[in-house]
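Student: Can you walk me through this one? I'd like to start with the helices.

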Amino acid sequence: MGPFILISTREHDGAAADEVRGVLAASGLSGDRLRVIRLEQGPLGPIEDLGLEDCPGIILGGSPFNASDHPSGKSAVQQRCEADLSGLLDVLVALDFPFLGACYGVGTLGLHQGGTIDTRFGEPVGTSRIRLTDQGLADPLLAGLPEEFDAFVGHKEAVSVLPDSAVLLAGSAPCPVQMFRIKNNLYATQFHPELDPQGLAQRILIYRDAGYFPPREAERLSERALASHVEWPALVLRNFVQRYGTGS
């Protein structure tokens with residue numbers, strides 16, 4: 001069995017590197033078990049060259065891109081990344097291939113499956129109280145998590161209409177769709193299972209001018225992130241790796 005694949009679309013090297021660190025720490029994977037593809041740096045290429053036959057699963061990280069942005073406002077890089085991801089999802093959904101998209105995964109997988117992605121349920125940077133549905137409580141990727149837990153969020157867009165094919169696994173008061181599943185093996189979370197307090201604090205400073213919050217609030221929000229106690233979401237990544245990485 002080959003490595004898991006992490007697809008990144010972060011143009012900032014520091015944010016991309018910390019995302020890799022966060023995924024490794026949360027999942028328990030060693031570095032040689034994770035192949036990183038910086039999609040913003042170049043085309044994905046033929047999907048048959050990805051080696052899916054040896055890959056236990058694909059993880060899509062978060063992104064400064066918003067799937068719901070008007071096409072006229074999207075850069076050429078964003079449009080290429082979205083086209084590559086759409087083509088990849090065509091294959092992954094048909095195969096019911098293990099996939100876990102964090103934050104940006106909600107926009108890409110949700111839109112691909114016919115859901116509505118818009119800015120109605122965006123959340124400010126910080127923590128959100130997540131509550132599992134009955135289906136979530138029974139899902140193997142959420143095994144061991146409590147019915148309610150805190151998670152790090154920060155997003156301009158979210159699912160406002162869930163795809164007909166999706167199973168809702170978790171929600172929150174400000175954002176009704178926090179996690180869903182397509183078929184048996186494709187998942188998307190609105191919250192960030194890979195983020196720890198240090199990672200969020202760094203990301204706040206990196207994206208201080210990206211429109212998530214007034215730039216003058218960056219230091220205060222970063223300090224608040226460092227003081228946060230968020231522990232449960234990482235188990236989603238660990239469950240994903242253990243479920244698909246052992247061949248079970």
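**Helix contacts**

Tutor: In α1, Gly14, Ala15, Asp18, Glu19 and Arg21 meet Gly199, Gln202, Arg203 and Ile206 of α5. Contact means heavy atoms within 4.5 Å. This is a predicted model, where local features need pLDDT of at least 70 and side-chain atom pairs count only at pLDDT 80 or more, while totals for chains, interfaces and linings use all residues. Residues are numbered from 1 along each chain as its sequence is written, and side-chain values use heavy atoms, with hydrogens and water left out.

Student: At what angle do α1 and α5 pack?

Tutor: About 165°, with their axes 10 Å apart. Axes are lines fitted to C-alpha atoms, for helices over the stretch in contact, and angles run from 0 to 180 degrees between N-to-C directions. α1 and α5 are therefore roughly antiparallel to each other; that term covers angles over 145 degrees.

Student: Where are α1 and α5, and what counts as a helix?

Tutor: Helix α1 is residues 13-27, and α5 is residues 197-206. Helices (H or I, at least four residues) and strands (E, at least two) are DSSP runs, numbered from the N terminus.

Student: New topic. What order do the strands of the sheet come in?

Tutor: β2-β1-β3-β4-β11-β10-β9-β6-β7. These nine strands form an open sheet with mixed pairing. Two strands pair if DSSP finds at least two bridges between them.

Student: Which strands are at the edges?

Tutor: β2 (34-38) and β7 (148-155), which each pair on one side only. From one strand to the next, the twist averages 25°.

Student: Do go on. Parallel or antiparallel for β4 and β11?

Tutor: Parallel, over four bridges. β4 is residues 99-102 and β11 is 186-189. Ala102 has Thr189 in β11 as its bridge partner.

Student: And β6 with β7, parallel or antiparallel?

Tutor: Antiparallel, joined by seven bridges. Ile130 stands opposite Phe149 in β7. β6 also pairs with β9 in the antiparallel sense, over two bridges. There, Leu132 stands opposite Ala170.

Student: Back to α1. Which strands does α1 touch?

Tutor: β1 (4-8), β2 and β3 (58-60), as α1 packs on the sheet. The direction of α1 makes about 155° with that of β2.

Methods. Angles under 35 degrees count as roughly parallel, over 145 as roughly antiparallel, 65 to 115 as roughly perpendicular and the rest as oblique.
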